[in-house]
Amino acid sequence: MERCTGFAPSVDENCTTLILGSMPSVKSLEENQYYAHPQNRFWKLMAIFFNNGTVPAVYEEKLAMLRKNHIALWDSIDSCVREGSLDSAICDEVANDFTVFLRQYPNIKRICFNGGKSFQCFKKYNKELLKNPQLEFYTLPSTSPANARFRLADLQEKWQEALRVHL
C-alpha cells in the first residue's frame, strides 16, 4: 500500500460553508479532481441545488459553481495509507490543519461532512474546534457509490437542510 495525498482546498474569501470529504478516491486521485468517480453523486447533487440539475462538463466550472454559492471544498485527511478507495481501508492518516485554515478563511461558519469517516477524522484531530459556538457542523450521508442505501432523492433531502442558507 502506498501513501495517498489529497488536494488543495477549493476556496475563496467569500466562502461561508466548507464541505469536507475524507480522502479522494483512486479515480479522483488519477483524474486530479474531487469526486471524479462517475458513480459518485456529489456533483449531480450540487447541480440540483445550484445549477438547475445540469452538472457542468468542465471540472473548473464545477468548482466555480460551488464558490459562486460561497461553498468551499476540501478533505478532513491530508494524506493516508489506503488500498483501494473505501474509507474503511484508510489507515495512518494525517489530518489537514483546520485551525490555520479557518483563521485564513474566517467567513466559514458551517462545516458539512460528506460521510461518517470525514467527521470521524475531523473529530479525532479537532476537538477544540467542535466546541466553537460560532461554527455549525453537519454530518451528512456520503455521496459515494459505496453508500447505496441512500438514493439521490434521499441525499437531496438530507443535504438540503445543511445547505439551506445557500438555496
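## Second largest pocket

In this predicted model, the second largest pocket is lined by 13 residues. Nearest its centre lie Y35, H37, P38, N40 and K62. The volume of this pocket is about 160 Å³.

By residue class, the lining of the second largest pocket consists of five nonpolar, four polar and four charged residues.

## Largest pocket

The largest pocket has a volume of about 430 Å³. Its lining comprises 24 residues, and those closest to the centre are M23, S25, N40, S85 and S144.

The lining of the largest pocket divides into 12 polar, nine nonpolar and three charged residues.

## Packing of helix 2 and helix 3

Two packed helices are described by the angle between their axes and the distance between the axes. For helix 2 (residues 42-50) and helix 3 (residues 59-68), the axes come within 11 Å and cross at roughly 50 degrees. The crossing of helix 2 past helix 3 is left-handed.

On the helix 2 side, the contact involves F42, W43, M46, A47 and F50. Their counterparts in helix 3 are Y59, K62, L63, M65 and L66. The residues of this contact comprise nine nonpolar and one charged, with no polar residue.

Notes. Residues numbered from 1 in each chain as written. Predicted model: local features only at pLDDT ≥ 70, side-chain atom pairs only at ≥ 80, totals over all residues. Heavy atoms only, no water. 1 Å grid on protein atoms, 1.4 Å probe; cavity = no way out; pocket = protein on both sides within 12 Å on 5 of 7 lines; lining within 4 Å. Points joined across faces, edges and corners; volume = space filled by probe spheres on them. Nonpolar A, V, L, I, M, F, W, Y, C, P; charged D, E, K, R; others polar. Axes fitted to C-alpha atoms, helices over the stretch in contact; angles between N-to-C directions. Helix = DSSP H or I, 4+ residues; strand = E, 2+ residues; numbered from the N terminus. Left-handed = near helix turned anticlockwise from the far one by under 90°. Contact = heavy atoms within 4.5 Å.
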